[in-house]
Amino acid sequence: MKDYQHMIVRQRKWMFYLLALLVLGWGVTPWQPVFLGLLLGSSLSFYNLWLMQRKIKKLGEASADNQSIRGIGTFTRLASGALAVVIALQFEEHFQLLAVVLGLMAAYIVILIDYLFNKSTD
């Protein structure tokens, strides 16, 4: 369980770094709609990461106690992705849709990179 907690902290830390980099890109570069779209998608992706980690922890605790759990929040994560797309479509002059969709995948890319860099420690 301690390794899982370290993994969660690492992934959240990298997501914070990514969000800070996107804010910096939005403020400095002339591609503000792209970075704002990436920021919107990555922010909701960070929320999805937090939600998924919390639900998986509850699932592990429930299975250790021989209890059942309803789900791991798939519908909520899909709904937040749909919310990001609706916001991007509503405010097309501020957000680039493709950047929002790419930002929504940020947490999964962070998880993959975290796995690749830390699989040798297992």
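L44 touches S80, A84 and L104, not counting residues up to four places away in sequence, where contact means heavy atoms within 4.5 Å. The model is predicted, so that local features need pLDDT of at least 70 and side-chain atom pairs count only at pLDDT 80 or more, while totals for chains, interfaces and linings use all residues. Residues are numbered from 1 along each chain as its sequence is written, and side-chain values use heavy atoms, with hydrogens and water left out.

**L44 and helix 2**

- L44 is found in helix 2, helices being DSSP runs of H or I with at least four residues, numbered from the N terminus.
- L44 counts as buried because its relative accessibility is 16%, buried meaning under 20% relative accessible area, exposed over 50% and partly exposed in between, with a 1.4 Å probe and protein chains only.
- Although L44 and A106 are 62 residues apart in sequence, their C-alpha atoms are 9.5 Å apart in space.
- The 33 residues of helix 2 should span 48 Å at 1.5 Å a residue, which agrees with the 47 Å between its end C-alpha atoms; the expected span is 1.5 Å times one less than the number of residues.

**Helix 1 against helix 2**

- Helix 1, residues 2–28, packs with helix 2 at an angle of about 165 degrees, their axes lying 9 Å apart; the axes are lines fitted to C-alpha atoms over the stretch in contact, and angles run from 0 to 180 degrees between N-to-C directions.
- Helix 1 is therefore roughly antiparallel to helix 2, a term for angles over 145 degrees.
- The residues of this contact divide into 17 nonpolar, eight polar and two charged, where Ala, Val, Leu, Ile, Met, Phe, Trp, Tyr, Cys and Pro count as nonpolar, Asp, Glu, Lys and Arg as charged, and the others, Gly among them, as polar.

**Q11 in helix 1**

- Q11 has its place in helix 1, and with a relative accessible area of 3% this residue is buried.
- Leaving aside neighbours within four places in sequence, Q11 is in contact with L49, Q53, V110, I111 and D114.

- N66 is found in the loop between helix 2 (32–64) and helix 3 (74–90), and N66 counts as exposed because its relative accessibility is 73%.
- The phi of N66 is near 55 degrees, a positive value in a residue other than glycine.
- Most residues other than glycine have a negative phi.

Key
Helices (H or I, at least four residues) and strands (E, at least two) are DSSP runs, numbered from the N terminus. Angles under 35 degrees count as roughly parallel, over 145 as roughly antiparallel, 65 to 115 as roughly perpendicular and the rest as oblique.
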